[in-house]
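Hi,

Here is the structure I said I would pass on. Have a look at it first, and my notes on what turned up follow below.

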Amino acid sequence: MTNAAFNPVSEESFLTLHYRLCGPDGDVFLDTFDAKPATLSLGRGELTPAIEACLIGMHEGQRARFGLEAGVAFGERNPQLVQQVALDTLRRFGDAQAV
């Protein structure tokens with residue numbers, strides 16, 4: 001049996017967790033709490049380095065809230081990465097339940 005207090009999250013941890021990402025006004029744009037939790041490996045680019053850094057040292061069952069500026073959390077906005085998508089394409093392939 002492992003004791004979670006002695007196995008904190010590290011840079012190479014494999015995690016299953018719930019998380020919620022909100023914008024600066026508190027608008028939720030990703031939330032796993034009403035669905036299946038996310039399973040991911042740290043250090044493999046599945047989360048941004050800034051978000052991973054917030055998880056390092058946490059213990060099983062621990063809850064936390066982190067506030068990160070958008071540029072820190074996801075990198076500075078890069079206009080070259082912005083793509084225009086036709087509304088018809090969104091209607092055909094997008095998630096009808098998405099906001």
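Starting with charge pairs: there are two salt bridges, counting any side-chain nitrogen of Lys or Arg within 4 Å of a carboxyl oxygen of Asp or Glu. Before the details, two notes on the ground rules. This is a predicted model, where local features need pLDDT of at least 70 and side-chain atom pairs count only at pLDDT 80 or more, while totals for chains, interfaces and linings use all residues. Residues are numbered from 1 along each chain as its sequence is written, and side-chain values use heavy atoms, with hydrogens and water left out.

One of the two bridges joins Asp31 to Arg20, with 2.9 Å between the closest N and O atoms. That pair ties together distant parts of the chain, since Asp31 sits in strand β3 (residues 28-31) and Arg20 in strand β2 (residues 20-22), 11 residues apart. Helices here are DSSP runs of H or I with at least four residues, strands are runs of E with at least two, and both are numbered from the N terminus. Asp31 is partly exposed because its relative accessibility is 30%, and Arg20 is partly exposed too, at 41%. (Buried is under 20% relative accessible area, exposed is over 50%, and partly exposed is in between, with a 1.4 Å probe and protein chains only.)

The other bridge is between Asp88 and Arg92, at 3.3 Å from N to O. Both residues belong to helix α3 (residues 87-93) and are four residues apart, about one turn of the helix. Asp88 comes out partly exposed at 46%, whereas Arg92 counts as exposed at 54%.

What about disulfides, meaning cysteine sulfur pairs within 2.5 Å? Searching the whole structure gives zero. For Cys22, the nearest cysteine sulfur is that of Cys54, 14 Å away. Cys22 is partly exposed, at 39% relative accessibility, but Cys54 is buried, at 18%.

The elements giving two or more residues to the lining are β1 (14-17), β2, α1 (49-55) and α2 (70-74), with the largest share, four residues, coming from β1. By class, the lining has 22 nonpolar, nine polar and five charged residues.

Nonpolar covers Ala, Val, Leu, Ile, Met, Phe, Trp, Tyr, Cys and Pro, charged covers Asp, Glu, Lys and Arg, and the others, Gly among them, are polar.

Finally, the overall layout. The chain has three helices and four strands, in the order β-β-β-β-α-α-α from the N terminus. Its radius of gyration is 16 Å, well over the 13 Å that the globule rule gives for 99 residues, so the chain is more spread out than a compact globule. (The radius is taken over C-alpha atoms, and the rule is 2.2 Å times the number of residues to the power 0.38.) The C-alpha trace spans about 55 × 30 × 25 Å along its principal axes, and 17% of the 99 residues count as buried.

Cheers

Methods
Disulfide = S-S within 2.5 Å.
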